[in-house]
Amino acid sequence: MTLGARFSISLANKLASAQKSTFHRCLIAPFTSLDSRNYATAPGTKEEKVKVPLALFGGTGNYASALYTAAVKANVLDKVEFEVLDLVEAIKNSPKFAQFTKDLSVPKDTRIKAIQEISKEAKFSDITTNFLAIVAENGRLRNLGSIAKKFKDLTMAHKGEVKAIVTTVIPLPPQEEKQLKEIIQGIIGAGKKVHIEQKIDPSILGGLVVEFNQKVLDVSIKTRASQMERFLREPLTLGDI
């Protein structure tokens with residue numbers, strides 16, 4: 001049975017019968033408390049410093065960076081990545097689970113208890129379990145998808161992987177995707193691995209838009225048409241004749 005199915009079956013009963021419980025936590029900030037709850041520096045030892053490979057901003061960026069730091073310190077980055085992405089997929093596939101994460105009227109203690117029980121059933125690592133408890137406590141379950149996406153960006157950067165977002169009107173045939181991947185690989189060099197993420201957007205009319213390493217190559221028909229329109233609207237001068 002999938003994680004989403006297990007959650008859907010038991011959620012109604014949990015929400016109806018959940019008792020108030022004391023949740024002993026003192027949060028200075030979500031992105032510092034996650035780390036401090038899982039690690040205690042031994043006397044006379046220097047705390048390990050973890051460098052986040054990408055600069056992320058905003059609340060979701062702070063949560064993703066905190067999760068990355070804690071996972072790297074515990075040497076469970078791959079496991080945490082799998083668990084978080086698995087949970088996000090479960091949310092997508094379970095309407096009841098999705099509604100639960102978005103419903104701010106659910107009492108905080110109920111949110112925390114439900115997430116802790118789901119983490120226990122799924123046998124999540126301590127890092128993931130504590131992280132989800134913090135997210136639930138702070139009413140951020142609705143942002144879990146965005147947090148997971150930024151966390152994925154961090155794990156890819158950690159592994160030397162580059163995500164290239166390719167936007168087209170229809171999916172690229174496998175051969176064309178392979179050729180494009182080889183071109184981008186040649187640009188970024190052999191030290192990193194390219195991952196193609198395809199997006200479908202009929203509004204670009206045709207062609208494609210490629211985004212990677214903060215670069216954008218826009219050869220869409222929509223952009224070409226806009227450029228042509230601007231050119232045609234510009235008044236002619238004697239120098240143009």
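Leaving aside its neighbours within four places in sequence, which residues is Leu-144 in contact with? Contact here means heavy atoms within 4.5 Å, and the list for Leu-144 runs Leu-87, Val-88, Ile-91, Phe-131, Leu-132 and Val-135. The model is a predicted one, where local features need pLDDT of at least 70 and side-chain atom pairs count only at pLDDT 80 or more, while totals for chains, interfaces and linings use all residues. Residues are numbered from 1 along each chain as its sequence is written, and side-chain values use heavy atoms, with hydrogens and water left out.

Stepping back to the whole protein, there are 10 helices and four strands. Helices (H or I, at least four residues) and strands (E, at least two) are DSSP runs, numbered from the N terminus. Along the sequence they follow the pattern α-α-α-α-α-α-α-α-β-α-β-β-β-α. Of the 241 residues, 37% count as buried; buried means under 20% relative accessible area, exposed over 50%, and partly exposed in between (1.4 Å probe, protein chains only).

Now for the inside. A nonpolar core is a set of buried Ala, Val, Leu, Ile, Met, Phe, Trp, Tyr and Cys residues joined through side-chain atoms within 4.5 Å. The largest one has 33 residues, and Phe-131 and Leu-144 touch the most other members. Helix 3, helix 4, helix 5 (95-102), helix 6 (108-122), helix 7 and helix 8 each supply at least two residues of this core, with helix 4 giving the most, seven. Apart from this core lies another, of 10 residues, among them Val-166, Leu-180, Val-194 and Phe-212.

Leu-144 also belongs to helix 8 (residues 144-158), where the buried residues are Leu-144, Ile-147, Ala-148, Phe-151, Leu-154, Thr-155 and Met-156. An α-helix has 3.6 residues a turn, so residues three or four places apart point the same way. What covers the buried residues of helix 8 includes helix 3 (58-73), helix 4 (77-93), helix 7 (126-137), strand 1 (161-168) and strand 2 (193-200). After helix 8 comes Gly-160, with a positive phi near 75 degrees. Helix 9 (residues 174-188) is likewise followed by a glycine, Gly-189, and its phi is positive, near 95 degrees.

Over on helix 10 (residues 221-233) sits Met-228, which counts as exposed because its relative accessibility is 54%. Together with Phe-231 and Leu-232, Met-228 makes up a nonpolar patch on the surface, with about 390 Å² of accessible area in total. Patches are made of residues with over 30% relative accessible area and no salt bridge, with like charges joined within 9 Å and nonpolar side chains (Val, Leu, Ile, Met, Phe, Trp, Tyr) within 5 Å. A salt bridge is a side-chain nitrogen of Lys or Arg within 4 Å of a carboxyl oxygen of Asp or Glu, and accessible areas come from the Shrake-Rupley method with a 1.4 Å probe, where for residues only the protein chains shown count as cover.

Note on methods:
The expected span of a helix is 1.5 Å times one less than its number of residues.
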